[in-house]
Amino acid sequence: MSQKRIMFSPVTRLSGLLSVEVVVDGSRVMEANAGGTMFRGFELIMRGRSINDAVYMTQRICGICSLAHGAVSSYLLDDLYDHQISENAQYLRNIMLAADILQNHIRHFYFFSLPDYVRMPAQPPFEGQELADARLSSQDNQRMVNNYFRSVVASQECHQMLALFGGKAPHQHSFVHGGVAVAPSADKIIQARALINNVRQFVKESLIVDTELLSKAYSDYYNIGRTPDRLLSFGMFRFGDKNQYPLWRSGVLEGGRLSSPQFMLISEEVSSSWYVRAGGQDLPDPHKQGAYTFIKSVQYRGQPFEMGPLARMLINGFYRGGTSTMDRIYARSLEAFLIAELLREWLQRLVPGPPPIRQKNNPVKERATAATDVMRGALLHSARVTEGQVAEYNIITPTAWNFSPKGSAGQRGPAESALAGAIIPGPGLLNTVLGRIIRAFDPCINCGTHVLRAKGSEES
Amino acid sequence: MQKEDFVKLCRTLSISQDHTLSAQVLPVVQKYRNNLPDYKLPVIWLETNDSGDNNIAFMNTTYPYLGQVLTDMIDLLYSNTFMAAQGKEALYKLDQAANRLSGKFTLVVEGAIPTGENGLYTMIARTENRNITALEAVLWLGPLAQNVIALGTCASFGGVSAARPNITGSVGISSILQREVINVSGCPVNPDWFVGTLAHLLMYGRPELDSLGRPTLFYGFTVHRHCQRRSYFDSGQFAEKLGDVECMFSLGCMGPRTGADCPYRQWINHVSWPVKANTPCIGCTNKDFPDGSSPFFTPLPEKSSPANNDGQPESPALKGAENVTEENNV
């Protein structure tokens with residue numbers, strides 16, 4: 001028996017920079033160390049700035065999920081100022097967030113995931129595709145290649161819908177604290193309805209059908225990439241004047257039991273990360289021995305938890321299945337379908353009128369924590385403010401949960417759990433199998449690796 | 001077909017009511033295109049320290065759409081975002097493209113370059129033996145490229161990645177390369193600015209650049225000069241809150257100090273832009289973004305004066321005239 005250490009890097013077709021080191025014994029993956037290899041330090045960047053800048057600044061953490069950060073920081077500011085959010089503002093906010101999520105799911109499936117399963121044309125950027133077990137009939141394969149190029153338009157139309165109301169995308173402008181600055185006028189609503197009808201048709205006729213085809217041809221992936229039965233969601237699509245009612249419920253699903261998540265049970269640690277903890281702060285140290293990532297370990301009640309569309313669909317009872325690679329892919333496509341339906345409904349309920357926004361002048365609180373589910377799972381922002389300036393800002397992203405490195409007790413994060421134990425069925429298939437397992441989590445390393453605990457920061 | 005024949009063909013057929021002209025001309029154009037050597041621009045695209053927003057912005061291009069750009073305009077030989085190859089095969093593709101097309105490829109860098117800790121704050125890849133930092137990769141590929149494009153404000157000037165306190169020592173790529181860099185700034189870039197720059201390189205060579213290395217075609221006028229709300233500014237009517245219809249100079253708008261054609265071009269199939277969404281421009285194409293625009297909702301004269309504002313032209317604030325070429329590109 002000889003074990004080999006292999007560095008799978010770069011893991012292409014995702015947002016950001018990821019390297020995964022695996023230890024392989026014969027045909028079995030014994031261990032996996034998933035490493036985010038970029039550091040940005042947003043919590044430090046936020047310190048000393050006006051808290052009102054948080055929406056536009058934190059959106060710049062991420063390109064593919066920018067409004068996720070904009071939404072959560074808006075909720076945080078709503079709480080600090082004690083704003084009242086109108087029903088029309090909530091419809092508009094959820095329409096914008098849903099459009100960004102649809103954009104993400106379509107692009108993930110076609111641009112990032114598809115070349116793991118489908119033989120792409122032998123031209124840039126697809127040259128060098130290592131696909132040793134292409135299984136689709138040439139007809140189905142061609143269908144999916146065609147849909148890769150059709151998804152270009154569908155995903156662009158999602159961002160066009162977002163920009164109609166938000167001014168631009170990524171990094172929209174109008175979804176801010178107190179509501180939405182833009183008027184949901186009749187002309188914008190009718191344009192958005194035309195766009196969602198196109199996108200919905202694409203999701204229904206292409207994305208869903210292609211997902212079915214993949215899940216049949218690669219049904220063994222229902223047994224590959226499983227994680228322990230620990231799933232978490234903070235709930236998604238907030239309504240109510242205080243953002244207090246998520247349309248899709250929050251939950252901690254562990255061993256079949258469902259409970260409500262509590263912020264105080266969340267903890268972070270840095271034993272495998274390129275940080276040193278000193279004086280209540282985590283400072284980056286890329287030379288730290290034994291560390292392999294800029295992502296920190298995030299735990300709930302001391303255990304790693306998986307989050308994302310699969311967690312949401314299982315917690316809400318929209319999907320029955322396991323926690324495998326193909327379950328992850330299937331749940332994301334199913335969610336895209338449900339969101340496209342919701343978007344249509346919300347666009348009918350949105351009432352044409354003036355900008356649904358009311359901002360108060362002064363914060364009434366000094367601390368706030370906001371959390372909601374977004375594209376990849378639960379996103380949490382937490383801030384302490386002194387006279388309108390940021391004293392502390394802390395962010396815990398879904399990718400930090402899913403790509404948590406090993407904790408001090410050796411617990412593997414969800415993606416590492418999914419990789420460990422995987423069987424490589426033949427020569428030349430290592431990268432293929434690893435790539436499929438990793439991408440099904442939809443990693444976003446731009447988000448994952450800026451996490452830096454500011455002094456004394458505690459979620460309450 | 002010779003030029004004279006082509007003109008004659010167009011003249012002869014221009015009076016016909018049906019599509020005879022298109023039917024005759026299109027195949028000729030197609031044939032001409034197919035015969036052009038090296039018609040597509042070979043591109044190596046590095047993602048370094050950024051949010052990945054510029055590759056998403058690129059996916060949002062319309063006319064041409066992404067599929068057309070990838071098929072007809074460029075050969076995207078290395079791209080962390082799009083390439084099918086992964087792991088060592090991807091690095092092999094990078095090495096092969098750099099060697100085979102040395103002096104011919106266009107290098108696109110998306111993101112700032114952390115210079116602290118020998119660049120270890122961003123590694124584009126790792127092998128069993130070593131780390132390949134963004135710093136090393138850009139220093140290697142920069143001198144080999146025919147053109148270098150800094151895509152977005154992080155790559156152009158450091159941007160949000162270099163915002164204070166900048167503990168990673170992040171800089172724009174022109175700070176580490178001893179050569180011309182075309183800065184296509186924006187947070188993110190408007191896809192038209194990027195695809196337009198690629199098209200210019202492909203068809204007409206290097207575009208004219210402003211003092212900050214940006215194509216004047218897109219950045220030559222201030223936002224303020226062409227803003228739809230300019231009449232409110234000129235008559236002294238200012239917005240009191242977000243959602244108002246008047247000029248948002250009072251709400252921190254950076255338009256007077258920001259070179260970009262957003263008021264004309266707009267975003268995402270040209271449907272809107274921040275001012276149209278009743279929010280101020282935050283100057284995301286600027287050399288000192290975001291620190292020079294902070295706080296975003298505080299009027300320009302009262303914004304915190306950033307220490308790292310070197311090289312930025314003094315605020316032409318109310319004139320809106322500096323930074324402007326007189327030639328009309330609009």
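## An exposed tyrosine in chain B

B:Tyr63 counts as exposed because its relative accessibility is 62%, where exposed means over 50% relative accessible area, buried under 20% and partly exposed in between, for a 1.4 Å probe and protein chains only. The place of B:Tyr63 is the loop between α3 (53–59) and α4 (66–73) of chain B. Helices here are DSSP runs of H or I with at least four residues, strands are runs of E with at least two, and both are numbered from the N terminus. Phi of B:Tyr63 is near 50 degrees, a positive value in a residue other than glycine.

This is a predicted model, in which local features need pLDDT of at least 70 and side-chain atom pairs count only at pLDDT 80 or more, while totals for chains, interfaces and linings use all residues. Residues are numbered from 1 along each chain as its sequence is written, chains are lettered from A and ligands numbered from 1 in the order in which they are written, and side-chain values use heavy atoms, with hydrogens and water left out.

B:Gln266 lies in the segment after α12 (262–265) of chain B and is buried, with a relative accessible area of 10%.

B:Gly158 belongs to the loop between α7 (152–157) and β8 (170–171) of chain B. With a relative accessible area of 0%, B:Gly158 is buried. The C-alpha atom of B:Gly158 is separated by 5.1 Å from that of B:Ala112, and the two residues are 46 apart along the chain.

## Helix packing in chain A

Helix α6 (residues 186–217) and helix α8 (residues 325–349), both of chain A, have axes that come within 9 Å and cross at roughly 160 degrees. That angle makes α6(A) roughly antiparallel to α8(A). Axes are lines fitted to C-alpha atoms, for helices over the stretch in contact, and angles run from 0 to 180 degrees between N-to-C directions. Angles over 145 degrees count as roughly antiparallel, under 35 as roughly parallel, 65 to 115 as roughly perpendicular and the rest as oblique. The crossing of α6(A) and α8(A) is left-handed, a term for a near helix turned anticlockwise from the far one by less than a right angle, whereas clockwise is right-handed. By class, the contact of α6(A) with α8(A) has 16 nonpolar, five polar and six charged residues. Nonpolar covers Ala, Val, Leu, Ile, Met, Phe, Trp, Tyr, Cys and Pro, charged covers Asp, Glu, Lys and Arg, and the others, Gly among them, count as polar.

Helix α8(A) also packs with α4(A), at an angle of about 150 degrees and with the axes 9 Å apart. α4(A) and α8(A) are therefore roughly antiparallel to each other, and α4(A) passes α8(A) in a left-handed crossing.

## The largest nonpolar core

The largest nonpolar core has 208 residues. Such a core is a set of buried Ala, Val, Leu, Ile, Met, Phe, Trp, Tyr and Cys residues joined through side-chain atoms within 4.5 Å. The residues with the most contacts inside this core are A:Ile51, A:Leu102, A:Phe165, A:Phe237 and B:Ile74.

Helix α4 (residues 87–113) of chain A gives the largest share of this core, 14 residues. Domain 1 (41–218) and domain 2 (221–302) of chain B both give residues to the core, so the core lies between them; the domain bounds come from an automatic or database domain assignment.

## Cis peptide bonds in chain A

A cis peptide bond runs from A:Pro124 to A:Pro125, with omega near 5 degrees. A:Pro125 is placed in the loop between α4 and α5 (138–166) of chain A.

Another peptide bond in the cis form joins A:Ala169 and A:Pro170, where omega is about -10 degrees. A:Pro170 is found in the loop between α5 and β4 (175–176) of chain A.

## Buried residues of chain A

A:Leu44 lies in helix α1 (residues 42–46) of chain A and counts as buried at 10% relative accessibility. A:Leu44 and A:Asn394 are 350 residues apart along the chain, and their C-alpha atoms are separated by 9.2 Å.

A:Gly413, in the loop between α9 (398–402) and α10 (414–419) of chain A, counts as buried at 0% relative accessibility. Its C-alpha atom is separated by 6.2 Å from that of A:Asn402, eleven residues apart along the chain. A:Ala368 is in strand β15 (residues 367–374) of chain A and is buried at 5% relative accessibility.
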